[in-house]
Amino acid sequence: MAIRKIRIDEDPILRKKSKLVTNYNDRLKTLIDDMYETMDVAYGVGLAAPQIGILKRLIVVDSRDENEEDGMRFYMINPQIIEKEGEEVSMEGCLSVPGKQGTVKRAKNIKVKYNDLDGNEKFMEAEDFLARIIQHETDHLDGILYTDKAIEMYEAGE
């Protein structure tokens with residue numbers, strides 16, 4: 001596994017639309033492992049492939065607490081949010097926008113269609129914080145940063 005460089009703020013790759021993953025192979029598995037390691041070192045809860053310079057529709061998520069008990073750790077290949085319900089406004093940050101936080105309105109509940117490492121179609125329902133992470137990361141796949149949707153922005157720690 002390798003720690004990849006996280007692209008920051010004005011990097012143009014963060015504004016590009018990612019391509020569908022079509023090759024399900026060992027290189028994809030290695031990329032997922034690298035994304036987990038990069039996210040962990042940066043103390044993130046999610047990471048999208050464009051954030052490390054790869055324009056593929058791939059995200060990793062880790063919503064577990066510091067004891068690694070509550071929450072989930074998983075990847076999604078070619079994620080597509082197919083249902084949204086409710087809304088809530090909450091604070092967000094991003095590994096690609098260091099030193100800042102903002103309040104963002106997102107769906108409270110979502111349903112996502114995605115693929116696993118064998119290319120099989122899967123579905124997941126998520127709510128609250130987990131739904132927020134998935135929406136934030138899937139936005140990255142379309143070149144959207146949370147700052148584009150922020151109601152208010154703050155310096156981190158304010």
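Is Asn78 buried or exposed at 11% relative accessibility? At this value Asn78 counts as buried, where buried means under 20% relative accessible area, exposed over 50%, and partly exposed in between (1.4 Å probe, protein chains only). The structure is a predicted model, in which local features need pLDDT of at least 70, side-chain atom pairs count only at pLDDT 80 or more, and totals for chains, interfaces and linings use all residues. Residues are numbered from 1 along each chain as its sequence is written, and side-chain values use heavy atoms, with hydrogens and water left out.

The overall fold is described first. The chain has 3 helices and 8 strands; helices (H or I, at least four residues) and strands (E, at least two) are DSSP runs, numbered from the N terminus. The order of these elements from the N terminus on is α-β-β-β-β-β-β-β-α-α-β. The C-alpha trace spans about 45 × 35 × 35 Å along its principal axes. For 158 residues, a compact globule would have a radius of gyration near 15 Å, and the 15 Å of the chain agrees with this. The radius of gyration is taken over C-alpha atoms, and the globule rule is 2.2 Å times the number of residues to the power 0.38. Of the 158 residues, 42% count as buried.

Backbone angles were examined next. Most residues other than glycine have a negative phi. Asn78, although not a glycine, has a positive phi of about 55°. Asn78 is placed in strand β3, which covers residues 73–85. Tyr43 likewise is a residue other than glycine with a positive phi, near 60°. Tyr43 is found in the loop between α1 and β1 (46–48), and at 76% relative accessibility Tyr43 counts as exposed.

Charged side chains form a number of contacts. The structure holds 18 salt bridges, a salt bridge being a side-chain nitrogen of Lys or Arg within 4 Å of a carboxyl oxygen of Asp or Glu. One of them joins the side chains of Arg57 and Asp142, with 3.1 Å from N to O. This pair links distant parts of the chain, 85 residues apart: Arg57 lies in the loop between β1 and β2 (58–62), and Asp142 in the loop between α2 (128–141) and α3 (146–149). Arg57 counts as buried, at 11% relative accessibility, whereas Asp142 is partly exposed, with a relative accessible area of 32%.

A further salt bridge is formed by Asp128 and Lys108, whose closest N and O atoms are 2.3 Å apart. Asp128 belongs to helix α2 and Lys108 to the loop between β5 (100–106) and β6 (109–115), so the pair ties together parts that are 20 residues apart in sequence. Asp128 is partly exposed at 28% relative accessibility, and Lys108 is partly exposed with a relative accessible area of 30%. Lys113 and Glu121 also meet in a salt bridge through their side chains (3.9 Å, N to O). Lys113 is partly exposed, with a relative accessible area of 25%, and Glu121 counts as partly exposed at 48% relative accessibility.

Lys16, Lys19, Arg27 and Lys56 form a positive surface patch. Patches are made of residues with over 30% relative accessible area and no salt bridge, with like charges joined within 9 Å and nonpolar side chains (Val, Leu, Ile, Met, Phe, Trp, Tyr) within 5 Å.

Glu87 is located in the loop between β3 and β4 (88–92) and is exposed, with a relative accessible area of 55%. The C-alpha atoms of Glu87 and Asn109 are separated by 7.8 Å, the two residues being 22 residues apart along the chain. Glu125 is part of strand β7, residues 121–127, and counts as exposed at 63% relative accessibility. Glu125 and Tyr36 are 89 residues apart in sequence, with 21 Å from C-alpha to C-alpha.

Conventions. Accessible areas come from the Shrake-Rupley method with a 1.4 Å probe; for residues, only the protein chains shown count as cover. Lys and Arg count as positive and Asp and Glu as negative; His and the chain ends are not counted. The place of a charge is taken as NZ of Lys, CZ of Arg, CG of Asp or CD of Glu.
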